[in-house]
Amino acid sequence: MTRPIATVMLSFIVIVVGLFALSRLPIDLLPDVTVPTITIRSIYDNASPEEMERLVTEPIEEAVSLASGVTEVISESGEASSTVRVRFAWGTDLEAATNDVRDRLDRITNALPDEMERPRIWRFDVSNAPVVLLGVSSDLEPLELADLIENQLLYRLERLNGVASVDVWGQFTREIRVEIDPARIRAQGLPLDSVVEALRAANVNLPAGEIDRGRFEVTIRTPGEFVSVDEIAAVVVRSDESGTVRIADIGRVLDTYADITRIVRIDGRRGVRLAVRKQSEANTAEVARRVLDEIGAINRDFPQVTVTSVVDQGQYIERSIRNVSRSILYGGGLAVLVLLVFLRSVRSTLVIAVSIPISVIATFALIYLGGFTLNLMTLGGLALGIGMMVDNSIVVLENIYRRRNEAGEEKAEAAVRGAGEVATAIIASTVTTLVIFLPLAFAQGVSGALFQQMAVVVAFSLLVSLFVALTIVPMLASRLLGNGNHRKPGLLERVGATVFGSIERFYLSVLRDALRARIVTVVLGFGLLGASMLLLPGIGSEFLPPSDEGEVRVSGEMEVGTRLSMVDAQTRLMEELVFPRVPEMIGSVVSVGASAWNPGRSAEGSIQISLAPLNERSRSNTEIADDLRRHLESQIPGMRIRTRAPQGQRMLERLVGGDDGLTLEVRGFELATLDALASEAARVMEGVEGITDLVISREAGVPQELIRIDRDKSATLGVSVQRIAAMLETALGGTRAGQYREGGDEHQIVVRLLDARNIPLDEILDLTVRNIAGEEIVLRNLVTVEPAMGPILIERKDQQRLATVRANVSGRDLGSVAADVRSALGEIPLPVGYEFVLGGAYEEQQRAFRELQIMFVLAIGLVYMVLATQYESLRDPVVVMLSVPTAAIGVIAILFLTGTTMNIQSGIGCVMLGGIVVNNAILLVDQAGRLRREGMDNRSALTEAGRRRLRPILMTSMTTILGLLPLALGIGEGAEAQAPLARAVIGGLLCSTLVTLVLVPAVYSLVHPDRPRA
């Protein structure tokens, strides 16, 4: 008050620092959350899934499950491979956990098979997820395209600032293939392994040593590497009295590419996918923008290829951040409009409105200094606080205004006394709001990871607004506000006074009636609460709020073991049916066959469709997916079609690495029993409304023919099992026989039989293998052949076998579908030791809800303690906290009316309401207590307190409600994620305000009856 220039300059310092911080803030979708997960992969050649489980997976599981902080261990044992995923408690130091796991693996090294490779450890870091997926299509020959990508495109992308790496999916790999004709090699009497040995012996480059030449040391080398494909064909396999046999005599040498296991098409043309990963500290949106700019330059410089953006997290993030930022601006504008309507003065409105920009801009500095990013959670915190930032200033200014006009005090005196009179109340109300966020500091799991930054942002912005209310607002009020008693009111003021006067008279009439019938008022209040509970069954539940991410995925699965060419042919039919049905499509990627992360999907074709931005299309991605599901049903022979519209998938993948459907885990031991139970569960689940696209994880295995080696006969004839297995590997899969170097690149030389994939097995069995004496032994004399099915995949969770049934959910919320599924599964009799467990997103939902319940109870307890400290009473806090259950009426009603589910966003809104809604009651109780201490009787004090605090209560509530209204509408990308939180707060605050103005005075008068006069 006495140093206005210093106050103004301090405000300018805050604004300048905050704006500078804003210019440096990185942008991302969510807070930088590292999912505490470690993956251990092991390879043990020629081991069956059962052997991998028993010899590798189980020892690793037992070792790592004892590590500190482990919450879940999941494993998959397949043919020759084992994958164990270890999940730790949220907040675990992943670096330390990795070292602990590595130490425990070292201790069991002797327990693992000697022939297997050492297990490898990967840490899952969400910051390494691809930020942009690119499609490269071209009419070039596959190897030309691969060479162009490797030598030109990757370099240009990887050199960009912020790009960590670029992975290539679906690329052709050059290979020098030596194909041996089985008839010719049999005619020459040569074993197949002799070709491999000849190639390895002819392709060497060794130093011979050094010699002295004068004053120099000269290195002598024997360059014997192949320099052309013709040299490979000329390699001598055998030279004796019968003649010389070269590779060209028994086969052919091809400069080709390795067998493809995955086909990729970009917008209908053959191509590859590039996954661009950013550096951990880089700005996601900036990196994506640089990549897109470079794509434009690449397309200009290389017209023979077309590079397109398939999935661009940067654009989605920018649109989401832009939408939420727009909601903040609109909300702030509405809050200021409320102030203008109630205050009926532009000057008064400007005095209060200064709280918003100062609080928001100061918070940007906190976000920067705290190492946070500008994401949906931090911006959501600002949007949530935008209406509350003016609450304290409203109370201060309104009290200053009242003292000037009713008590006739001078400007400076009214400013000092008015601010001092309500300082205790607004500090208490701010503290009660702040303590609500304290439990979030202890929150674990997804809730804590998501909302801790939001809590910090809201808390800091409210502290700044409190500082502004107690310093800047009184200073400005003492200088900018005129004397309302000495000027003629304008039209706006007269209309506003008339309207507010009517509201005030109506309220005071209702309040007097309530105070005369206090018991009836209390009963009616709690009756409303009980009636609202009847709406609860109509409110669904889910893990995350649904959001349209501009993407639709269609997959078609064929029988396991189906040839890649046949899967591709059926996938093309699927493309012909899908693309005309989606005019909103702006790009597509088709993938056929297995990938490195999903080796079991070799018989599956999938289409990933990118859609136009939400505001440019009339259908949501869910509506498009439902239309495709109906259109594709039974249209493609031999294919089971699944369609999915990711709803919050990016958020879910960032947090838990799962998908947004429903997963049923069937746990037990016997694989046959698990399969039977999974099939029965799938049959029952198909009848549940909302379940679509069912798939069972344990399908029938791949058709196989097992070649059993007669060990006794092999030993008698002097042929090792290893030599037989190696010869079969060469014949069918191919054996690497060295490297072919050209232009600084290395390419594999692979030896196998001509047309190996189609050759009859009898012809292979007619080949010979050399024994230790150098004699040729016909293979069929050493082996027998038997048909089989395999390989199968053995899944385990927490050291127990399981089979999973996965389904998409459409048209209903996840919680309701899960409840119906659980009820339907109750009809299936379970053997002892077997159980059904709903996992995936539903399991995470239950964990999050339990955490929210704990946070809510803790928050309410802390609010009570703060109020008890303020009032030095155990009764008055109970009166104030009656606002909390009345808020439940509004929450339930608004969720029901808007069709919003109870999810972690709306749940956090409920937790926050525990501290927000008590502020109005604090103002009433504080004022009533002051008036009673001044000598007023109970009823008069409550009536006068209601009159004095009606306008600030309505103003603070309306500014918060209207400040959140744009966010609650959930229009555009990103806004849908925050809408449930905003709706819960709006509904709870609206109902609590209306009920509190009547119910709290009634209860207060019951708790504090008038003392009888002497």
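Predicted model: local features only at pLDDT ≥ 70, side-chain atom pairs only at ≥ 80, totals over all residues.

Visitor: How far does helix 30 reach from its first C-alpha to its last?

Guide: Helix 30 has 16 residues, and at 1.5 Å a residue the expected figure is 22 Å. The model comes close to that: helix 30 reaches 23 Å.

Visitor: Which residue just after helix 30 takes a positive phi?

Guide: Look just past the end of the helix, where phi is about 70 degrees. The residue there is Gly899.

Visitor: Now helix 9. How far apart are the end C-alpha atoms of helix 9?

Guide: Helix 9 runs over residues 284–301, which is 18 residues. At 1.5 Å a residue they should span 26 Å, and the model agrees, so the end C-alpha atoms are 26 Å apart.

Visitor: And what do the buried residues of helix 9 pack against?

Guide: The buried set includes Val287, Val291, Glu294 and Ile298. On the strand side, their partners include strand 5, strand 6, strand 14 and strand 15. Among the partners are also two helices, helix 4 and helix 10.

Visitor: Helix 10 again! Is helix 10 roughly parallel or antiparallel to helix 13?

Guide: The axes of helix 10 (residues 313–343) and helix 13 (residues 376–385) come within 9 Å and cross at roughly 10 degrees. Angles under 35 degrees count as roughly parallel. That makes helix 10 and helix 13 roughly parallel.

Visitor: How many charged residues are in the contact of helix 10 with helix 13?

Guide: On the helix 10 side you'll find Ser320, Ile321, Val324, Ser325 and Ile328, which meet Leu376, Leu379, Gly380, Leu382 and Ala383 in helix 13. The contact divides into 7 nonpolar and 3 polar residues, and the number of charged ones is none.

Visitor: On to strands. How many residues of strand 13 are buried?

Guide: From strand 13, Arg262, Val264 and Ile266 point one way and Ile263 and Arg265 the other way. In a regular strand the side chains alternate between the two faces of the sheet. Both sets in strand 13 are buried, so strand 13 is largely enclosed by the rest of the structure, and the count is 5 of the 5.

Visitor: What is the bridge partner of Arg265 in strand 17?

Guide: Strand 13 and strand 17 pair in the antiparallel sense over 5 bridges. In that pairing, Arg265 has as its bridge partner Val590.

Visitor: Which residue takes a positive phi in the hairpin of strand 13 and strand 14?

Guide: Strand 13 and strand 14 run antiparallel, joined by 2 bridges, and Ile266 is the bridge partner of Arg269. The hairpin has 2 residues between the strands, and the one with phi near 50 degrees is Asp267.

Visitor: Which strands stand at the edges of the open sheet of 4 strands?

Guide: The order is 12-7-24-23, with mixed pairing. An edge strand here has a single partner, so one side of it is left without a neighbour in the sheet; that describes strand 12 and strand 23.

Visitor: Last one: is Asp693 buried or exposed?

Guide: Asp693 lies in strand 21, and its phi is positive, near 55 degrees. With a relative accessibility of 11%, Asp693 counts as buried.

Notes
Residues numbered from 1 in each chain as written. Heavy atoms only, no water. Axes fitted to C-alpha atoms, helices over the stretch in contact; angles between N-to-C directions. Parallel < 35°, antiparallel > 145°, perpendicular 65-115°, else oblique. Contact = heavy atoms within 4.5 Å. Nonpolar A, V, L, I, M, F, W, Y, C, P; charged D, E, K, R; others polar. Buried < 20%, exposed > 50% of the residue type's maximum accessible area, 1.4 Å probe, protein only. Pairing = 2+ DSSP bridges. Expected span 1.5 Å × (residues − 1).
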